[in-house]
Amino acid sequence: MSLAESLERAAVACPEDADEIRPANGDPSRLFQILEPEARERVLLWLLANQADQAQELAEAWLEEAEGLTTIASLSAAELPKDGKKVLRKLIHRARSQGNTVNSDEESESHVARLPHVDESISVGFLSPYDPRGGRLIYIVESNPAGGAQVFEALIDEDRGIVDFQVYRAGRRQVKSFIRDVTHRGRFSATETDAGTVRALIARGAQRQSESQKIPASFKEWRGRLQLEDRGVQTPGERVIEALSDEASEEDLSALAEKVKEGEIGPWPPQPPVLEEWVGPIRESFQASAGESADEDQMADAMKEAIGTCYGGALAQVNAERLAETAYLYWQKGEESLARACLTSAQSLKGDGVDLGPVTGECIRVVTEALVSDLKEQRAQAVAASADTQESA
């Protein structure tokens, strides 16, 4: 159900606010401006109680407004169902992670400091999740001394370094739209953080730049402006490691492995040249085998063993960092069990005695199944083409 549809239901359920809800046509910002503070609370509480997903979408948009945090902080979770309480907890956790004072009703009366509005001086960072190959987009948005604002966008890969780097100048209204866009991208929605942690990630990427990956010219031009010298600032992954010390349970690890299966994280395979070195001989042997009765099971077993070997060594250390940084994203969303599962999995990949564990094991399974499926299809096409050739002869 869309947010607009949910708001129409809220209008029916809250007739005293219907004349203000409907003219907004599902636009969160316009609705925020139209509604009085008490009406905002009524509408959001109704959504939290009845349409939790849409309540989160609306509240996240309202958090960008000058008084948005005040509205969120004024809500009580006492009468909310489980899903609504969970969403409200995430929103309050997000506010706290940004350095704002928010007391939940489990502690004392709610109060929150106001986030900097986009019309004020700003400096904020955003972290996207890793894509299936292991790269991620990260952003710094800050005021431009000459007026307006500027956005630094970096594509970072722990295995290659800084892959791409762009700088955009924009008016503050455009920046507000940009922030809303990057934080509502479905699978790759960015998480807000402080700009310092993003700078730490960029600095680490620059230090580890792969010889095979040319550093972007735009990064060379803007590197001094980014102020990457402060080596005391922690990366997001380092921050969450300090915050969460308990090991994950088997159930938590299984839940995280399920996220790999669903495509939410991973599989973060080795770089193509490394993968080809191990997989190439298996593919060639399978393709060269005669007849449709080639031993597919044997090929699949050999493929799984080869890919498992690839996930050890240097890639294990790289994926350990990806897991730690992913833990930060789960932590920011209030999903501490998944964050702990990431950190426990990351720890098992470090040092000499690497233990791939269930999460990396699921990554290996995903990659193996994809490659085996491709090889079987190629083999079937080759057999069919050979049969057609024989018939025409």
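Predicted model: local features only at pLDDT ≥ 70, side-chain atom pairs only at ≥ 80, totals over all residues.

Author: Searching the whole structure turns up 2 cavities of 30 Å³ or more. Let's take the largest cavity, which holds about 60 Å³ of space. Around it you'll find Ile156, Asp157, Glu158, Gly161, Leu201, Arg204, Gly205, Arg208 and Glu321. Two elements, strand E3 (149-157) and helix H9, each put two or more residues into that lining. H9 has the largest share, with 3 residues. Sort the lining of this cavity by class and you get 5 charged residues, 2 polar and 2 nonpolar.

Now for the second largest cavity, with about 40 Å³ of space. Its lining is made up of Pro267, Trp268, Asn319, Leu323, Val359, Thr360 and Cys363. Here the elements giving two or more residues are helix H15 (313-332) and helix H17 (357-392). H17 gives the most, 3 residues. By class, this lining has 5 nonpolar and 2 polar residues, and no charged ones.

One more stop while we're looking at H9: Gln213 sits in the loop between helix H9 (195-207) and helix H10 (217-226). With a relative accessible area of 15%, Gln213 counts as buried, because the cut-off for that is under 20%. Setting aside neighbours within four places in sequence, Gln213 is in contact with Arg160, Ile162 and Val163.

Note on methods
Residues numbered from 1 in each chain as written. Heavy atoms only, no water. Helix = DSSP H or I, 4+ residues; strand = E, 2+ residues; numbered from the N terminus. Buried < 20%, exposed > 50% of the residue type's maximum accessible area, 1.4 Å probe, protein only. Contact = heavy atoms within 4.5 Å. 1 Å grid on protein atoms, 1.4 Å probe; cavity = no way out; pocket = protein on both sides within 12 Å on 5 of 7 lines; lining within 4 Å. Points joined across faces, edges and corners; volume = space filled by probe spheres on them. Nonpolar A, V, L, I, M, F, W, Y, C, P; charged D, E, K, R; others polar.
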